[in-house]
Amino acid sequence: MHPLSKVAAATAFALSLGLGSAEAATEIEMFFPVPVEGKLAKEMQALMERFNASHPDIRAKAVYTGSYDETNLKTHAAIKAGRPPAAVIMSANFVLEYQIGDEIEALDPLIEADGKTPDAFMGQFWPALHGNARFAGKVWAVPFHNSTPLLYYNTDHFKEAGLDPSKPPETWVEWSDAAKKLTRRDGDKTTRWGLMLPSNYDYLGWTMTALDMSNGGQYYNTEYGGEVYYDQPSMRGALTFVDNLVHRDKVMPEGTTDGKVVSTAFFAGEASMVVLSTGSLSFIRENMKQGYAVAFVPANIRNAVAIGGASLMMPKGLTEEQKKASWILINWLTSPEVSGHWSRFTGYFAPNRAAYDLPEMKTFLAENPDAKVGVDQLAYARSWFATYSTVAVRKALEDEVQAVLSGKKKPLEALKAAQAKAEEIMSPYVAATAMNLPK
Amino acid sequence: MAAPRTARRPDPLLLLGIVFLAAVALVWSTPLAWMIVASFRPQSFGGLDMASLTPNFTPTLANWREALDSADFARLYLNTAIVCLGILTVQLVTITLAGWAFARLEFRGRAVLFYAFLLQLMLVPPILIVPNLVTITRLGLYDTLTAVMAPYFASAFGVFLMRQTFRTIPRDYEEAAIMEGAAWWQVVARVLVPLARPGLVAFSIVSVVAHWNEFLWPLMVISSTENQTLTIGLASFTQGAESASQWGVIAAGTFLVAAPLMTAFALFQRQFVNSFLFSGVK
């Protein structure tokens, strides 16, 4: 049955009983993090009001749950406490852990109950998003808002340095040449950095994934959550490239640079090129005073970046009514119209491809061609790093990369240490899966 | 008029001390000063002037308007006040009684029990999130202000502090009261508590500051906007992992969150010093 006809049927049923719809309404909660700036929490409440007004038999409540990591913590705690939310907007790469922990519902039965095949259902979304939503043979999550890293560059600086602003660097050679030309020094002091990459926890893992993938790497085993490839040539090349930019060419600041510092430096004209999420695009567009443009992350072997962003998932332990209501909410939030609206508000791209066929979106992209670059880069995007104990395994790499950035370690020894640490963290899972052999 | 004072040459050590303290005070007040200046600065992203401590020539109220518009501050203030005062009220009773028991009562296993109590201080609060949440849910308190308060009703730190405070009070006072025919609770309420006031005041400050600033536990246990506390309300419009920061709005919002506490502390500090001076424990 189509979700709408379901709603109609449920409404008719409620009316036939002569009940006020408020009394019959199924109450559901949805957890949502606020990953980007602005009045996003307020906008989410407004969306919920719209949903509730058009679905009188459901009373959905959006619960603000902090950052992605805090949302993860609260969701785990709420599930263990027996108060699972009906839906969660979860960082797309955390979904795997919930599947491993048997804490979320497979969505296939709900998709089939709507008369669709899982293939047709997933077909609505950009192919790059499938890996983090559909794995181990089932659909576990529905992409809600997604991002990729982008190269933002100051076109005024490009002109000044004799570079063509309409030809952003496409290869690492061009990239590091441009960075050298753009860097300004005053004696020993650097007054303007050619390039800045965010290197705080979480962002750094994502930045390194983009560089590793652009260098032909895969970062992790997309099919199995117990393997990462930190000490392989692709990653070694990526980290050596970064190390050279910092310590040999001195076109990037030493040490850990927070994402917020990166964007502030870009606004201030203290960094000429930066790598930031597409999620920052609206904010930069509204506030950047100098000329800027966006481009793909430059490639050494190939164009490739990992997606970021969040998906909707459904925890186990709900009643049948709640499950149905949650499924209606999830479908509504990921519909082309709502998806497109949220995309224009936040800067994330809309996971639902049909959103880009709507007239509002066509007008928007015509007015803001920079938003189109992120969408175009999707053709080269890949799944986001997800393993057993994702955060700890990611941190194993980040700690070592930070040691290289601050000049305490060399790339090769750092990556060997990162690999060893990651393997130690994943060892319980490996022992229970790939190394669980016939006795 | 002025009594002839013996002209004393300024003590160089004292002068040095004053200079040092002034320097420390300057360092400590810099973030505060920056916060106030930044909250009136137009949203410029000039970067260079963003970090500056000098106010702009054209101060703006836009950041304040946006901060006030982003959350229901009246509700947030009320909830936070209820939580802090609620916790403190219960804590003052529990730590006084428990502290008295550990300081004065002789019972079997007192030392073991006391050390077991102290062990709680070693636990990192996030470890207790899941067990506490399970208990709260079973009690049917999920998403209530009581749930935010409940885990803090007994404080290991407070019990320790009160035990130590009670132990510094000479027993003579209590013995005199008992001679007059006072019951144990009268001894506690009329003799020990007034004498232990500095300890209670010190604890109150620590407790209120800690719970005013607390973020993780309220975030875990609160779901409705109506029950949010200040820190969560602030985070809901200033936290953003994937984008740049609107420093002016963050500064204004942070000031709104911190202002009542700073005011209360300025007023309370006098009382705090006085209570040390006049409490009679010498």
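User: Which helix gives the most to the lining of the largest pocket?
Analyst: That's H10(B), with five residues. Helices here are DSSP runs (H or I) of at least four residues, numbered from the N terminus. Keep in mind this is a predicted model, where local features need pLDDT of at least 70, side-chain atom pairs count only at pLDDT 80 or more, and totals for chains, interfaces and linings use all residues. Residues are numbered from 1 along each chain, chains are lettered from A in the order written, and side-chain values use heavy atoms, leaving out hydrogens and water.

User: OK, how much space lies in that largest pocket?
Analyst: About 730 Å³. That volume is the space filled by probe spheres set on the grid points. A pocket is an open set of points on a 1 Å grid where a 1.4 Å probe fits, with protein on both sides within 12 Å along at least five of seven lines; lining residues have an atom within 4 Å of a point.

User: Which residues are closest to its centre?
Analyst: Pro125(B), Leu128(B), Pro151(B), Tyr152(B) and Ala154(B), out of 23 lining residues.

User: Switching topic: how do the axes of H3 and H15 of chain A cross?
Analyst: The axes, lines fitted to C-alpha atoms over the stretch in contact, come within 11 Å and cross at roughly 160 degrees. H3(A) and H15(A) are therefore roughly antiparallel, the term for angles over 145 degrees.

User: And which residues of H3(A) make the contact?
Analyst: Leu40(A), Glu43(A), Met44(A), Leu47(A) and Arg50(A), with contact meaning heavy atoms within 4.5 Å. On the H15(A) side, Trp342(A) and Phe345(A) are among the partners.

Definitions and conventions
Axes are lines fitted to C-alpha atoms, for helices over the stretch in contact, and angles run from 0 to 180 degrees between N-to-C directions. Helices (H or I, at least four residues) and strands (E, at least two) are DSSP runs, numbered from the N terminus. Angles under 35 degrees count as roughly parallel, over 145 as roughly antiparallel, 65 to 115 as roughly perpendicular and the rest as oblique.
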